[in-house]
Amino acid sequence: MATQIKLYSKGFAEIRTFPKVMKMLDDIAEATARRAGEGFEAEPAKPTGGRVRGRAAVVARTTDAMRAQAKSRALERAIGGA
Amino acid sequence: MVEALTFGNVEADTMAYLEPLVLVDVERVLSDPLPPGPFVRVLLTGGRRINLSLIEHRVTLECWGGTGTDADSQAFTLGQSTYGHMGAWRTDSIWVPEGENAFVGSPYADVDPDTKRPRYVMTANVRQAVTHL
């Protein structure tokens with residue numbers, strides 16, 4: 001007899017936004033902001049629209065940080081661990 | 001016996017791969033003054049060791065438009081061309097993985113704060129296999 005699997009798709013969204021997952025995203029964003037340097041700040045993880053995922057961000061808050069991003073790709077380096 | 005493992009220069013390899021395809025200068029260090037025409041800048045921005053014999057580099061590519069009135073469209077066209085060629089890079093020892101792992105994100109528009117020249121920027125994941133000494 002064939003087994004049928006019915007996916008509970010709402011559950012995937014719940015897993016993707018578990019408090020533990022959001023905390024992990026916050027930790028990654030904060031570490032990335034620290035590596036990127038002064039003027040970069042982590043924004044706390046929030047659930048996205050659509051497929052509902054957790055998403056944190058790192059933003060350049062100061063002119064110096066914006067310049068560091070534009071001239072030497074500070075965020076790419078920070079994500080890549082350089 | 002200890003065997004030495006070495007990896008090639010991913011920036012140099014990227015430059016050598018791209019230059020004949022995009023038909024503009026491909027540089028690593030920005031020259032002073034900047035070239036007046038469109039060009040690509042290659043920048044190694046990090047990466048990770050996947051296993052003993054494989055590294056995944058993050059290579060950031062800045063596609064600069066020239067200084068004329070069509071600088072914006074030059075930068076865009078160069079960005080699209082670079083995006084396509086990098087995504088199709090497959091050789092035995094160096095390659096860009098297929099699908100969504102090819103790039104960190106799609107190309108984004110960016111302006112150089114000093115010269116105000118338009119650029120399209122992307123970061124590719126370039127995998128490189130070991131070279132035995």
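## Salt bridges and surface patches

Across all chains, the structure holds 16 salt bridges, each a side-chain nitrogen of Lys or Arg within 4 Å of a carboxyl oxygen of Asp or Glu. This is a predicted model, where local features need pLDDT of at least 70 and side-chain atom pairs count only at pLDDT 80 or more, while totals for chains, interfaces and linings use all residues. Residues are numbered from 1 along each chain as its sequence is written, chains are lettered from A in the order in which they are written, and side-chain values use heavy atoms, without hydrogens and water.

| Salt bridge | N to O distance |
|---|---|
| Lys23(A) and Asp27(A) | 2.9 Å |
| Asp112(B) and Lys71(A) | 2.8 Å |
| Arg127(B) and Glu56(B) | 2.7 Å |

Let's start with the pair between chains: Asp112(B) sits in the loop between β6 (108-111) and β7 (118-129) of chain B, and Lys71(A) in helix α3 (residues 63-72) of chain A. Helices (H or I, at least four residues) and strands (E, at least two) are DSSP runs, numbered from the N terminus. Asp112(B) counts as buried because its relative accessibility is 1%, and Lys71(A) is partly exposed at 26%; buried means under 20% relative accessible area, exposed over 50%, and partly exposed in between (1.4 Å probe, protein chains only). Both residues belong to a network of salt bridges that includes Arg67(A), Arg41(B) and Glu62(B).

Within chain B, Arg127(B) in strand β7 and Glu56(B) in strand β4 are 71 residues apart. Glu56(B) is buried, with a relative accessible area of 7%.

Within chain A, Lys23(A) and Asp27(A) both lie in helix α2 (residues 19-36), four residues apart, about one turn of the helix.
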